[in-house]
Amino acid sequence: VDQQGRRRSLFLGSWIAGKKEVKKETKLGMAYKKDDNFGEWYSEVVVNSEMIEYYDISGCYILRPWAMEIWELLKEFFDAEIKKLKLKPYYFPLFVTENVLQKEKDHIEGFAPEVAWVTKSGKSDLEAPIAIRPTSETVMYPYFSKWIRSHRDLPLKCNQWCNVVRWEFSNPTPFIRSREFLWQEGHTVFATKEEADEEVLQILELYRRIYEEFLAVPVSKGRKSEMEKFAGGLYTTSVEAFIPNTGRGIQGATSHCLGQNFAKMFDITFENEKGERSMVWQNSWAYTTRSIGVMVMTHGDDKGLVLPPKVAPIQVIVIPVPFKDADTTGIKGACESAVYTLNQAGIRADLDARENYSPGWKYSQWEMKGVPLRIEIGPKDLANKQVRIVRRDNGTKVDIPSTDLVEQVRVLLDGFQANLLETAKAKRDACIVIISTWDEFIAALNDKKLILAPWCDEEEVEKDVKARTKGELGAAKTLCTPFDQPDLPSGTVCFASGKPAQKWSFWGRSY
Ligand code: 87F
């Protein structure tokens, strides 16, 4: 698909009847509808909302302030939380030598095609090619080995915010699958498995909160199957979201217990209290700018983006509505004062005082950008000492006295945030089907459902399901085994093998 061709916006000219002049306004419109052509709709939303600009390297995107400010808000929350857990900030180099990268051989094997290499400086070949980090285990762990000597050096808790490069070949999508992306990667080292186990879940809970409390996206916490876990680790936990329009699951973030595999490979040992050499226990965990894409897909509508207040760079946009011989100065003053009052109360409000656009044009632009609340102040509002507030999620309008501004806006923003999560949860839940047989499984899969199935938990069976569902849309696989398990009556059998079921797992196609 021609990426550039997706950058489509409608240019509409409007004729003001009865007037001599033609009032030319370019209007950003949505050409695609979410339910008709989801892929094109998504590309259009991220571009028209000014989050993304396409770039001339496939799979690479420019993140504009409207996206970066969201990332910064997520970062602010997460960074403060992990600092409470005593994580320290680090920055390791972007580059890694072939030698070191290969140290992780068994686990890097499947990933090798995605590693990007630098082979030249200017016109001359480098002595040896240098890889660009796809993740930083091999960059960091040789130094962990050096820095850790005794139990007094533990735990070591490292986090870095950075970019990574994975040269993907399948269908690049802004935020969701890009060849370079931003993330945080946490790498921690403990003396005991118990400490590592505990942290895996603490971090997973923070990831749940990012999705549910900030992005208003419902997720399931769970454990990955042996096939789907990070092969280098002991076990993998994740938060999993679901996109009803495509019927695909999407991994929101992962928190791994690496066990002692890397400790063996990189010789990370310490002298314990008894003076004996012991192997460390490690974790690693990450979430990425993909989370922004999941949020866009979940809440966006045919008018564009819909932003949860907690991550909206602008929560309230104030628009003056002067018409006829209105007191323009008075209206502008009332707007400025509203913005000031809201800002003083810690609410992200801004004034759109541009004079070369009509109020109507501004309404659609801020709707496109997903701003939760719009405040309109016109002559009538000015006279009545009130403002009109319009909600982006359901379009409802209320007139409120200016004196109640802060209080009412707070109530509306909280309600908005809660409503988005509730609505998304209801839509997600409506897609969940509990099945018990292979035929029901296939029917549900074709119906774009999120499938909860009793499973024998055997790798061979998951392989078999993958093989039997292979096709244009991609194969079905386990998304996770949710921690929240329904009853599993004894005698329940696996939907795919007929063997005794061990657990309920989520299955489906995924991103
Ligand atoms: C792509 C190329 C090379 C994923 C890759 O999940 C290596 C890899 O190791 C690779 N894609 N992975 C697994 C990453 C595991 C782990 N790393 C730290 C995480 C969380 C953060």
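Which residue in strand 6 does K120 stand opposite?

View 1. What you see here is a prediction. The protein has 14 helices and 23 strands. Its radius of gyration comes to 26 Å, close to the 24 Å that the globule rule gives for 511 residues, so the protein is as compact as a globular protein of that length. If you box in the C-alpha atoms along the principal axes, you need roughly 85 × 55 × 50 Å.

View 2. Where do the strands come in?

View 3. Start with T135: an N or O atom in its side chain sits 2.8 Å from a nitrogen atom of the ligand. For R166, a side-chain N or O atom is 3.3 Å from a nitrogen atom of the ligand. How much of the ligand does the protein cover? On its own the ligand has 480 Å² of accessible area, and the protein covers 94% of that.

**View 4. A three-stranded open sheet, in the order 4-6-5.** The pairing in this sheet is antiparallel. Strand 4 (95–97) and strand 5 (117–121) stand at the edges with a single partner strand each, so one side of each has no neighbour in the sheet. From one strand to the next, the twist averages 50 degrees. Zoom in on strand 5 and strand 6 (residues 124–132): they run antiparallel and are joined by four bridges. And here is the answer to the opening question: K120 stands opposite D125 in strand 6.

**View 5. A five-stranded open sheet, in the order 16-15-17-18-19.** This time the pairing is mixed. Which strands stand at the edges? They are strand 16 (349–351) and strand 19 (397–401); each has a single partner strand, so one side of each is left without a neighbour in the sheet. Ignoring direction, neighbouring strands here are turned by 25 degrees against each other on average. Within the sheet, strand 17 (residues 373–377) and strand 18 (residues 386–391) pair over four bridges in the antiparallel sense. Look for I375, which stands opposite I389 in strand 18.

**View 6. The cis peptide bond from L154 to P155.** Follow the backbone from L154 to P155 and you reach a peptide bond that is cis, with omega near -5 degrees. P155 has its place in the loop between helix 5 (137–147) and strand 7 (156–165).

**View 7. K385 and its positive phi.** K385 is not a glycine, and yet its phi is positive, at about 50 degrees. You can find K385 in the loop between helix 11 (379–384) and strand 18.

Technical notes: Residues numbered from 1 in each chain as written. Predicted model: local features only at pLDDT ≥ 70, side-chain atom pairs only at ≥ 80, totals over all residues. Heavy atoms only, no water. Polar contact = N/O pair within 3.5 Å; in protein donor to acceptor, adjacent residues only side chain to side chain. Areas by Shrake-Rupley, 256 points an atom, 1.4 Å probe, with all protein chains shown as cover. Pairing = 2+ DSSP bridges. Helix = DSSP H or I, 4+ residues; strand = E, 2+ residues; numbered from the N terminus. Axes fitted to C-alpha atoms, helices over the stretch in contact; angles between N-to-C directions. Rg over C-alpha atoms; globule rule 2.2 N^0.38 Å.
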